[in-house]
Amino acid sequence: MSLRKVAVIGGAATPNGKLQTPEGQPIQTVEHEVLAPLVIQSMAVAGLPKESVDAISLALCRPYTLQKYFATFMANYMRMPLKGGIMEILGNGMTGGLAFDQAVTAVASGQADVALALGVNFESAASSADHMMSSMRAVGDIDYHSIFGFSPIAWYAMDMVRYMHDFGVSRAELAGIAVKDRRHAALNPIAQFKKPLSLEDVLAARPIVEPLGLFEVPPRGDGACCLVVCSEDVAKEAGRPYALVRGRGFFHEGAHQINEVPNDMTAFIAAQVASAQAYAAAGIRASDLDLAELYAPCTIVQALVSEAMGLVPRGHAGRAATEGETALGGRLPICTSGGCLSRGHPSYITGLLTIFELWEQLTHRAGERQVVGAALGAGSCELGNYNAALIHVLEAKS
Amino acid sequence: MTLPRVKMAGNRPWPPRITDHSKHFWDALAEGRLITTKGKTSGKLTFPPKPFCPYDWGQEVEWVGLSGKGRLYSQTVIHAVPTAFQHEAPIRNGIVDLDEGLRVAARILGEPALDAPVECVVLDYDDGPLFGFRAIL
């Protein structure tokens, strides 16, 4: 079966932040009333009729979303008969990325000409400590890891401790990533945090998981996003600028948080393998990229995945951010959206927000944060401690 | 050789589930021994212990004792902890590479430096044991 070329031709996202209303509040904000306008808006941007949607891949909602089987609920709510397929997708941090990947697969295989990859992540009304009672069970062996009280980002903190030890890098160098990302977010209408953030602010913040403080770890928040994915033929006919999916790579190292065989934990093997696959499929090298939008919930994660993907040399990601090499206007801007730290990290849809940013950049809609002449961009998502990585390379087409 | 013991306050915040298989591990730990399984055909150790060998899927495994000695690979102090652990916060947890070539995650006692030699200790909670590591003095 030959695969068809696939385009991203539309997108819409709501500003990230606190959308979920606490239980018992007389007036509630509900997920479908947030998501439906994004579906309508993204299809309008795509210039495609409502009837053209053949498939829906929905990033699974958080357990706090009361409406179950939300995908078919949405298909009814918006009167969308579907001949291609409908499903809800879970892959922990990779959830949004897999929802996009599935929409691409549906179109590439010919099951659908137009597919929506969408999701709404509501969680902010649950306290962080209570939320972690659930999330700790997703990021560890519940009988041999969770028993000690590891929080999800504790694994990243241990990456950071080891990385600082192995490469002689300081916390302050890595904190430059948070400062850079906040500058990017100030230019992004959907960013959760836009107020200027200094290196001193980052270093003085209260500790969350040492050595990571409040501004080096992701905020909690809600968000929603819809992407319109279609065959390149449909995109050409629609006559709008689009982003072509040029390459895709995936790898899971067969380990859950830590490898039982001692290895170099901060090498992020999955991101190395998946990015090599994606670059090969696209026929490019890392140095050909104009920007990268990475799933990186902490400063250290952005450093490690940038290095694993060959965007900066190992041990240099902090300095590259501080010196502007990976900032807007630099050699290779990373996380132009503001990333998980400042754009926001409604984690089940973060993978969708990654593609949304790439689509905005590659169709030159990114306004003040536009990467001039952006032609090739890469996006990543992951699960666990980057035990798995899914990487897409997209190209600007007009 | 039995592992040193450290008395902990109260019950384990999030106790492990015990199965017919894992009971061997937890009962041995309560007696002061750190053990795991080894595949009979592959000859490979695995951790956590499993009723089969993950390397060759062989169905026959044997229980073997571990030295409990290793080196600290990494660690962190967790200030923002899940609800059940709030009375223990802040918590120092880490990753230890055992001399037998296995990597495990555990509670860390004291403040050992990275790569420092560490030894396993039984953490005696009121309702049962967990395991931790501390610097070898």
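Reader: How is it known where helix α2 (residues 70-77) of chain A lies, and at what angle to β3(A) does it run?

Author: Helix α2(A) lies across β2 and β3 of chain A and runs at about 135° to β3(A). Contact requires C-beta atoms, placed from the backbone, within 7 Å; angles, from 0 to 180 degrees, are taken between N-to-C directions of axes fitted to C-alpha atoms, for helices over the stretch in contact. Helices (H or I, at least four residues) and strands (E, at least two) are DSSP runs numbered from the N terminus. The model is predicted: local features need pLDDT of at least 70 and side-chain atom pairs 80 or more, while totals for chains, interfaces and linings use all residues. Residues are numbered from 1 along each chain as its sequence is written, with chains lettered from A and ligands numbered from 1 in written order.

Reader: What makes β2 (residues 55-59) and β4 (residues 114-121) of chain A a pair?

Author: Pairing requires at least two DSSP bridges; β2(A) and β4(A) have five, in the parallel sense, and therefore pair. Ile56(A) stands opposite Leu116(A) in β4(A).

Reader: Why is the packing of α3 (residues 95-108) against α13 (residues 347-362) of chain A called oblique?

Author: These helices pack at about 55°, with their axes 4 Å apart. Under 35 degrees is roughly parallel, over 145 roughly antiparallel, 65 to 115 roughly perpendicular and the rest oblique, so α3(A) is oblique to α13(A). Among the residues that meet are Phe100(A) in α3(A) and Leu352(A) in α13(A).

Note on methods. Two residues are in contact if their C-beta atoms, placed from the backbone, lie within 7 Å.
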